[in-house]
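My plan was to go through the contact between the chains, then each chain in turn.

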Amino acid sequence: MKTQDDLNKKANNALTVKDLEKTYPQWRKEPTKAVDGISFSVDKGEIVGFLGPNGAGKTTTIKCICGLVEPTRGKINIFGIDAIKDTRKAVSNTSAVLEGNRNIYWRLTTRENLEFFARLHGRSLKEAESEIKSLLERFDLKDKEDAPARKLSRGMQQKLALSCALIRGTDFLLLDEPTLGLDVKTSKEMRAFVKQLTSNGGKTILLSSHDMNVVEDVCERVIIMNEGKILANDSVNNLKDVFNVHLYDFVLEGEPKLSGLKEKYSVTDIQHNNGKTKLRVSLKEADSFYELINHLQKKNVKLEEVKNLDKNMEEIFMNVIEREGGVK
Amino acid sequence: MREHIIFYSVVKKYFIELKRYFLNTLMTMIGIFILFMLVFFGLRSFEAGTETLQGSIVGFAMWIFAVMAYSEMSWGLLQEARDGTLEQLYLTPSTFRRISAYRVFGSFIFQFLLFVVFLGIMMVSTGQYLSLNAGVILLIGLTLLSIYGLGYIMGGLSLVFKKVQAGNQILQFLFILLLVLPTITDHQVIYFVPLSWGNHMINRMMIDGLSLLDFTLVEYSILLVNSFAYLIIGLFIFTLMERTAKKRGLLGHY
């Protein structure tokens, strides 16, 4: 019997994926399993990041969700609608920006693209006009309103692709590599805008990216995938705690023997240069730092510089992948 | 469901793209016109009869119409896949099959206007005048349904196999054979292949001056069964190929 908590949880779910499996049949070859029985959910108004190396199964999962790839097994539910049985109905509240800048019509102008995609989702121009204007302004595309999309820069094309997904007016948005190939400035603008969409716009977003900075910056929760399986599914902060390893860069005078140090601590990346030794040490607990300093003092090793390295998503990602047997 | 807005968006986009390609379309038309003039004056130099000359005008205009209608379905789909926009067309409250049908509707309007203009130019340049009325338009529409069916088949195949251009070119030449088939044989095969029977009826209206009332129920039945059979088979194969493409994850590939 379902408890009230279960029902409340279900009502708050924008997306539920259960035991999703996708095996691609291959001509005269062994079938490839791209997604291997994964389950996860995304709450309404939440922004979740999909992280994983190439071939992890991120894009296949996203395409299964929006009905572009037929799953081999499993269930997908979007806002309470069975997306496998009733793809059309489920997709009517879903839009997507898929891989890079190939989501817009290059021969149509910026405005024509926006008008086309608004109407393609059944929205009249009267309904969408104010949003078109605000998107053009928000993304600095106003001056390029009448320019064909093919003449826009890569960054602008990507902004237009996102605008075209937004103008459909759906509550659920799938973004596959939305910042791929963008310069630092445009990538930052995109991140800021995507964050706003959930905080102000009430959208639910599932975002995949190779760029861990994007995921760390934008997402509340991260799903780490490798070889079709989910390795971790937790908030960015929780993941940071789980893999709570403190990293320090040390610069030592001369080329001291590090045998004792190497046995006791995890020392990596040792470099000898200009009579100095540079090394990276990872410590399980913060208190170990003082032990390490004492150890160096006892060995008469002179310390020139210490730098505390903040843990970022990239390290967490590598930890998760290594824990699960590494990237093949 | 606001299907009329989706319909408008697809048709409008078709005409916008056409406008961007105006010069390209114009140059193609000039090339085809030169080819036609060569064929026409070639036939005249062999002292072909009036009926043959008039038949060449109708046949040529119908061939262009058929090739354009067919290309719209098969090449148009391939172009969307190449541009990476095909998957976006699946993300709609409507269905992709409906969207492609709306595009076909837009293209039919344009191609029919082109057909009329082209026919007019051909008649003036050759001095051979033919009748064009609402009945002819109806027959053209019905005849072309079989071609749209073939377009759906090739479009579906291109979703899965991608490189089907060679097949497209072969079909374009096959259309010539299908159009002239009724003039070279009385065999029943003309009832079963696409384009032939419909073109035969169009010829009789435009050249012999027959009206819609002059055809028998059997003749209409042959046309309707033939056209709808090809269209339904086309849609069936397209659906099958679409499902295969979704199973293999090929929709976004080119």
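I began with the contact rule: two residues are in contact if their C-beta atoms, placed from the backbone, lie within 7 Å. I noted that this is a predicted model, in which local features need pLDDT of at least 70 and side-chain atom pairs count only at pLDDT 80 or more, while totals for chains, interfaces and linings use all residues. Residues are numbered from 1 along each chain as its sequence is written, and chains are lettered from A and ligands numbered from 1 in the order in which they are written.

**Interface.** I looked up both sides of the contact. Chain A gives 30 residues and chain B gives 26 residues. Helices (H or I, at least four residues) and strands (E, at least two) are DSSP runs, numbered from the N terminus. The largest share of that side, 4 residues, comes from α4(A). I then sorted this side of chain A by class and got 13 nonpolar, 9 polar and 8 charged residues. Here Ala, Val, Leu, Ile, Met, Phe, Trp, Tyr, Cys and Pro count as nonpolar, Asp, Glu, Lys and Arg as charged, and the others, Gly among them, as polar.

**Chain A.** I found 12 helices and 14 strands in chain A. Chain A is split into domain 1 (11-241) and domain 2 (245-310), with bounds from an automatic or database domain assignment. The C-alpha centres of these two domains of chain A are 43 Å apart.

I next traced an open sheet of 4 strands in chain A, ordered β12-β13-β11-β14 with antiparallel pairing. Two strands pair if DSSP finds at least two bridges between them. At the edges I have β12 (266-273) and β14 (303-309) of chain A, each pairing on one side only. Strands β11 (residues 246-253) and β13 (residues 276-283) of chain A are joined by 8 bridges. I checked Val251(A): its bridge partner in β13(A) is Lys278(A).

**Chain B.** I counted 10 helices and 0 strands in chain B. The C-alpha atoms of chain B fill a box of roughly 55 × 40 × 35 Å along the principal axes. Of the contacts in chain B with a separation of 6 or more, 79% are between residues 24 or more positions apart.
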